[in-house]
Amino acid sequence: MSKKTVALLLGCFSLGAVAGYAVLEPRLGAILAVRSNKTDVYTETEVEMGTFPLPPILVPVSSTGPERQLRLELAIAGLPESMKEIESRSSFFTDVVSQYVRSVEVSQIDDPGEIAELRAQLLRRLQTVSSPELVREIYLTKFMIG
């Protein structure tokens, strides 16, 4: 291999490592959490979460071809005592998700690598309009373009 090829490969690996760290860094504590012993007792960093499913969201997506729709279903995770508040805000959360998804380009939605970014953006927006303590995580339960 030439020196240029080796340098290019090292640069790509370094860039990938930096990008991976940037994506995972906020969650490293939870990922690296170790159980206190070999029984099913969790460490203090692990908390039981409840989930609340939002109603299905159908969004027309813009494209130059035939009309397409995105069907998105997601669940919001939070502390069990927060489920009533999440349920009371579900219409608001659905509206925030619909507005954001409408602004996303079809090329972004079609790219499987962009799903993680879409999910991160949705989580950030829901936490911004409520609070990070209320909306701890979101789970995409269905994601279909047709």
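So, burial: of the 146 residues in the protein chain, buried ones make up 28%. Keep in mind that this is a predicted model. The chain exposes about 9,900 Å², and 59% of that comes from carbon and sulfur atoms.

On confidence, the average pLDDT for the chain is 77, with 66% of the residues scoring at least 70. Residues 34-44 fall below 50, and beyond near neighbours in sequence that stretch has 8 contacts in the model.

Okay, the fold. We've got 6 helices and 4 strands, and if you read along the sequence the pattern goes α-α-β-β-β-α-α-α-α-β. Now take the contacts with a separation of 6 or more: 65% of them are between residues 24 or more positions apart.

Let me zoom in on helix H4, residues 90-103. That's 14 residues, and from first C-alpha to last it reaches 20 Å, close to the 20 Å you'd expect at 1.5 Å a residue. Which residues of H4 are buried? Here's the list: Ser90, Phe93, Thr94, Val96, Val97, Ser98, Tyr100 and Val101. When you look at that spacing, remember that an α-helix has 3.6 residues a turn, so residues three or four places apart point the same way.

And what do those buried residues of H4 pack against? On the strand side, S1 (50-53), S2 (57-61) and S3 (68-78); on the helix side, H3 (83-88) and H6 (115-129).

As for Gln127, the gap to Phe93 is 34 residues in sequence and 9.9 Å in space, C-alpha to C-alpha.

Last stop, strand S1, one of the elements the buried residues of H4 pack against. In a regular strand, side chains alternate between the two faces of the sheet. Which residues of S1 sit on the covered face, and which on the uncovered one? Gly50 and Phe52 are on the covered face, while Thr51 and Pro53 are on the uncovered one. S1 runs antiparallel to S3, and 4 bridges join the two.

Note on methods. Residues numbered from 1 in each chain as written. Predicted model: local features only at pLDDT ≥ 70, side-chain atom pairs only at ≥ 80, totals over all residues. Heavy atoms only, no water. Expected span 1.5 Å × (residues − 1). Buried < 20%, exposed > 50% of the residue type's maximum accessible area, 1.4 Å probe, protein only. Contact = heavy atoms within 4.5 Å. Pairing = 2+ DSSP bridges. pLDDT = per-residue confidence, 0-100. Areas by Shrake-Rupley, 256 points an atom, 1.4 Å probe, with all protein chains shown as cover.
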